[in-house]
Amino acid sequence: EPFVADEYIERLAWRTPGGGSRGGEAFDPKRLLEEFVNHIQELQVMDERIQRKVEKLEQQCQKEAKEFAKKVQELQKSNQVAFQHFQELDEHISYVATKVCHLGDQLEGVNTPRQRAVEAQKLMKYFNEFLDGELKSDVFTNSEKIKEAADIIQKLHLIAQELPFDSLMDFCCYPLSFSGKYHDLECQLIQEFTSAQRRGEISRMREVAAVLLHFKGYSHCVDVYIKQCQEGAFLRNDVFEDAAILCQRVNKQVGEVFSNPETVLAKLIQNIFEVKLQSYVKDQLEEHRKSDAEQYLKNLYDLYTRTTNLSSKLMEFNLGTDKQTFLSKLIKSIFISYLENYIEVEIGYLKSRSAMILQRYYDSKNHQKRSIGTGGIQDLKERIRQRTNLPLGPSIDTHGETFLSQEVVVNLLQETKQAFERCHRLSDPSDLPKNAFRIFSMLVEFLCTEHIDYALETGLAGIPSSDSKNANLYFLDVVHQANTIFHLFDKQFNDHLMPLISSSPKLSECLQKKKDIIEQMEVKLDMGIDTLNCMIGQMKHILAAEQKKTDFKPEDENNVLIQYTNACVKVCGYVRKQVEKVRNSMDGKNVDTVLMELGVRFHRLIYEHLQQYSYSCMGGMLAICDVAEYRKCAKDFKIALVLQLFDTLHALCNLLVVAPDNLKQVCSGEQLANLDKNILHSFVQLRVDYRSARLARHFS
C-alpha cells in the first residue's frame with residue numbers, strides 16, 4: 001500500500017505508552033520524544049542497510065548486462081557465418097536444378113519421338129488388322145475397353161482423312177473399313193450412354209460423354225440426353241411449371257455429365273420452347289383465334305405472361321454469354337405470328353365489346369338512341385326557347401332518366417384497364433405508346449362521347465322552359481353523375497395510361513385530347529346553366545300562386561298573427577333543396593359559380609316581386625320578416641355577394657315602416673348611402689301613406 005507519513009506517525013504515537021490518552025493514561029511528551037528519536041535511528045540504520053543492498057544489486061545487474069552483450073555479439077557472428085553457408089548452398093542448388101532441367105529437356109527430346117514412334121507402331125498394327133480383315137487385338141474384342149477402342153478408331157479415322165483420295169477409295173474396299181467401325185463404335189457409345197442415363201449412373205455417363213466429345217455423333221448424344229430427360233416430365237396440365245422443374249433438375253445434373261453444360265442446357269431449353277411450348281400455345285390460341293376474340297386475348301396475355309415468367313426463372317441458369325437475347329428470341333419465335341396483329345384484334349374487340357355494353361344498357365331502359373344536334377338551327381332554337389320562353393318546339397322528356405350508369409362506366413373502364421395491361425405486356429416497346437393511344441381513343445369514343453356526352457346532350461334537350469309548372473330539373477343529376485364518372489376516367493388516365501406514354505411524344509397528344517374532352521363537356525355544362533331559369537320559373541309560380549295582395553295590406557292591422565307569409569315559406573324550402581342539389585351535383589369552383597348565379601337571380605326575383613305590392617305599416621313589417629327569412633336562406637349559399645344583396649334588400653324594406661321624420665336618416669345609413677336615389681324612391685312609393693303630403697315632403 002502507498003506510504004502515508006501522517007498515518008505512520010499516528011500509529012507510532014498510538015503504540016507508544018504516554019503518547020496518547022488511552023485508558024485515562026496521562027500524556028508524556030518526553031517519552032514520546034524519546035520513542036521518536038529511537039525510531040528515527042532505527043529508520044536510518046534500515047535505510048543504510050537497504051542502500052547497500054541496492055548498490056550490490058546494481059553492480060550485479062551491470063555485470064550480467066556486459067555478459068549478455070558479449071553473448072549477443074557471438075550469436076551475430078554465428079548468424080553471419082550461417083547466412084554465408086546458406087547462400088553458397090542456394091547457388092549450388094540452382095546450379096544442380098539447371099543441370100536437371102537441361103537433362104530433362106534432353107530426355108524429353110529423346111522420349112517424345114520414341115513415344116510417338118511407339119504409338120505410330122501400335123496404330124500401324126491396328127491398321128494392318130483392318131487391312132487383313134480380322135481384328136485380333138484385345139482392345140477391339142473386349143467390350144470393357146470400349147474407351148481405348150474409341151480413342152484408336154478416332155485417331156485412325158483422322159489418319160484416313162489425310163490419305164490421298166485414290167488410296168482412300170482402295171482402302172474403303174476392304175472388308176473392315178474405318179468408317180464402318182467408326183460408325184459402329186459411335187452407336188455403341190451412344191447406346192451405352194443411353195443405358196447409363198436410364199440407370200442413373202452419372203459417372204458412366206460422364207466417361208462416355210467425354211469419349212464421344214471427339215466424335216461426330218456427340219451432338220446426337222446430347223439429343224438423346226435431352227429426349228430422355230423429357231420422358232415423363234410433362235404429365236400435369238401446367239406445362240410451364242413442368243418445364244421449370246425439369247430445367248431445375250437438369251441444371252444440377254448437366255454439369256456432372258458434360259464438359260460444356262451451358263450449351264447442353266441451352267439446347268434443352270430451346271427444344272422445350274420450340275416443341276412443347278410452341279405446340280401448347282398453338283393449341284390454346286388457334287381454338288379461339290377467329291371465333292372468340294375475348295378468350296383469344298385472355299389466353300394470349302396469360303400464355304405470354306407465363307412464358308416470360310418462365311424465362312425469368314431460367315435466367316438464373318448459366319446459358320452462355322447473352323442469355324437474355326437467347327431467351328427473348330425463343331419467346332419471339334413462339335408468339336411472333338400472334339403479336340404482329342395483336343393491336344388490331346385488341347381494338348376490334350374493344351370496339352365491339354364497348355358498343356355491346358352501351359347498347360345493352362340502352363335496351364334495358366327501352367331507349368332508342370337519337371341523334372341530338374349540337375349546333376346549327378336546332379341549337380339556336382333551343383337556346384332561344386330556353387332564354388325567351390318562346391314555344392319553338394317541345395323539349396325532350398327524359399322521364400327523370402339521366403342515361404348515365406355507374407355499372408356501364410365500370411364495365412367500360414374495366415375492359416380498357418385490361419386492354420392497357422395486355423398492351424403493356426404484348427406490345428413491342430417501340431409501338432407501346434402508339435398502341436396505348438389507340439386504346440385511349442376507344443375509351444374516349446365510347447365512354448366520353450357515346451355515353452357521357454350523349455347524356456349531357458339529352459339532359460340539355462330535356463331542360464324544361466322557365467314557364468313550365470312543376471318542372472323536374474334532372475339535368476343536375478346528369479351533371480352529378482357525369483362529374484363522378486369523369487373522376488373515374490381521370491383516375492384511369494393517370495394510373496394506367498400515363499406509365500405507358502410518359503416518356504414518348506404521345507403524352508402531349510393524350511393530354512391535349514383529354515383537355516379537349518374537358519372543354520367540350522364544360523361548354524355543355526355552361527349551356528346547362530339555363531337550368532337556373534327553370535328554378536327561377538318555379539319560384540315565380542310559387543310566388544304567383546301563394547302570395548296575396550292582402551298579405552302586405554291586411555284589413556285588420558291589429559290582428560296579424562303570422563311571422564312570415566306562406567309564399568315565403570314555400571320559396572325558401574324550394575331554394576334550400578335546389579342549393580343542396582347543386583352542391584351534390586358539382587364540385588370545386590363550379591359550385592360557387594353556379595350558386596352565385598342562382599343567388600343573384602333569386603335576389604332579382606324577390607326584389608322585383610316585392611315591388612308589385614303596396615305596404616301598410618303592418619304589411620311592411622311582414623315584408624321585412626319575409627326578407628329576413630330569405631336572407632337566412634341566402635346564408636346557405638355561402639356566397640358573400642348573395643348575402644350582401646339580401647342585407648341591402650332587408651335595409652330597403654325598412655323604408656316601408658320607418659317613420660316619415662326618420663326617412664332621410666335611414667336613407668343615409670351605411671347600407672343605403674351608396675344606392676341610387678331612384679331605387680330608394682321606388683321603395684318609398686310602395687307605402688300606402690306615400691301620397692300624404694307629409695311623407696312626400698320628408699322624402700324630397
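A salt bridge here is a side-chain nitrogen of Lys or Arg within 4 Å of a carboxyl oxygen of Asp or Glu. The views come from a predicted model, in which local features need pLDDT of at least 70, side-chain atom pairs count only at pLDDT 80 or more, and totals for chains, interfaces and linings use all residues. Residues are numbered from 1 along each chain as its sequence is written, and side-chain values use heavy atoms, leaving out hydrogens and water.

**View 1. Arg601 and Glu597 meet in a salt bridge.** Their N to O distance is 2.8 Å. The two lie four residues apart in helix α21 (residues 589–610), so about one helical turn separates them. (Helices are DSSP runs of H or I, at least four residues, numbered from the N terminus.) Arg601 is buried at 14% relative accessible area, while Glu597 is partly exposed at 33%. Buried means under 20%, exposed over 50%, and partly exposed in between, with a 1.4 Å probe and protein chains only.

**View 2. Arg576 pairs with Asp636 in a salt bridge.** Here the closest N and O atoms are 3.1 Å apart. This pair links distant parts of the chain, 60 residues apart: Arg576 sits in helix α20 (residues 566–585), and Asp636 in the loop between α22 (617–635) and α23 (640–653).

**View 3. Asp495 and Lys491 form a salt bridge.** Their closest N and O atoms are 2.7 Å apart. Asp495 is partly exposed at 39%, whereas Lys491 is exposed at 51%.

**View 4. Thr194 is found in helix α6 (residues 178–199).** Thr194 is buried, at 8% relative accessibility. Leaving aside residues up to four places away in sequence, Thr194 touches Val224 and Gln228; contact means heavy atoms within 4.5 Å.
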